Amino acid sequence: MHVRLLRTVGATTAVYGLVVTAWPALLAKPSGLAEADGRVAPATRTALRPLAWRDTAGGLALALAPAGPALRIAACARIAADFGDAALLGVTLPGRARRRAAVAVSVGWGALSVAGLLWPTAGRADRGA
C-alpha cells in the first residue's frame, strides 16, 4: 500500500469537497446542471452539497486513518464512491461530452486509490503515516 498516495488523494478530495460544499456551482456548471444563464437552482445546490460533503468525509478518512486496515477500508469506500459516481453520472448527466468527462474524472480518482492500495510496500515511506 502506498500511504502517501492515498493520503494525497484524501487531502485533495477533502479540500475539493469543502470548496464544492460552499460553492456548488463549481460542480454544477461543468456537469450541465446549471441553468442556461449559468445560475444554479436552489434545489440543485441542495442536492449537490451532500455529495460534496461525502467527498470531504471520505477524503478526511483517507488522509487521517491509521495505516493498515483502517486506511484500506477508507480507500475502498473512496473507490466505491468514485466508481459509483462514474456509473451513475455516466448515464444521467445531460450531454454526451459531460457524461464522458464525469466518467473520466471519477474513474481517474478511483484508479489513483486503487493504485495506492495495490502499490507494493517497499521502503519506510510506505509503511506508516
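This report walks through the helices, the packing and the nonpolar cores of the protein above.

The model is predicted, so to speak of local features a pLDDT of at least 70 is needed, side-chain atom pairs count only at pLDDT 80 or more, and totals for chains, interfaces and linings use all residues. Residues are numbered from 1 along each chain as its sequence is written, and side-chain values use heavy atoms, with hydrogens and water left out.

**Overall picture**

The protein has five helices and zero strands, where helices (H or I, at least four residues) and strands (E, at least two) are DSSP runs numbered from the N terminus. Its C-alpha atoms fill a box of roughly 55 × 25 × 15 Å along the principal axes. Of the 129 residues, 34% count as buried; buried means under 20% relative accessible area, exposed over 50%, and partly exposed in between, with a 1.4 Å probe and protein chains only.

Two packed helices are described by the angle between their axes and the distance between the axes. Here are the values for this pair, with axes fitted to C-alpha atoms over the stretch in contact and angles running from 0 to 180 degrees between N-to-C directions.

| Helix pair | Angle | Axis distance |
|---|---|---|
| Helix 1 (residues 3-22) and helix 5 (residues 96-118) | about 150 degrees | 8 Å |

Helix 1 and helix 5 are therefore roughly antiparallel to each other, a label for angles over 145 degrees. On the helix 1 side, the contact (heavy atoms within 4.5 Å) is made by Leu 5, Leu 6, Val 9, Thr 12 and Thr 13, while helix 5 brings residues including Trp 109, Leu 112 and Leu 117.

Ala 111 is also found in helix 5. Ala 111 is partly exposed, with a relative accessible area of 37%.

**The nonpolar cores**

A nonpolar core is a set of buried Ala, Val, Leu, Ile, Met, Phe, Trp, Tyr and Cys residues joined through side-chain atoms within 4.5 Å. The largest one has 10 residues: Met 1, Val 3, Leu 5, Leu 6, Val 9, Leu 62, Ala 65, Leu 71, Ala 74 and Ala 75. Another core, of six residues, lies apart from it, and Ala 28, Val 40, Leu 48 and Ala 52 are among them.

Back in the largest core, Leu 62 touches residues including Leu 6, Val 9, Leu 71, Ala 74 and Ser 113, leaving aside residues up to four places away in sequence.

Definitions and conventions
Parallel < 35°, antiparallel > 145°, perpendicular 65-115°, else oblique.
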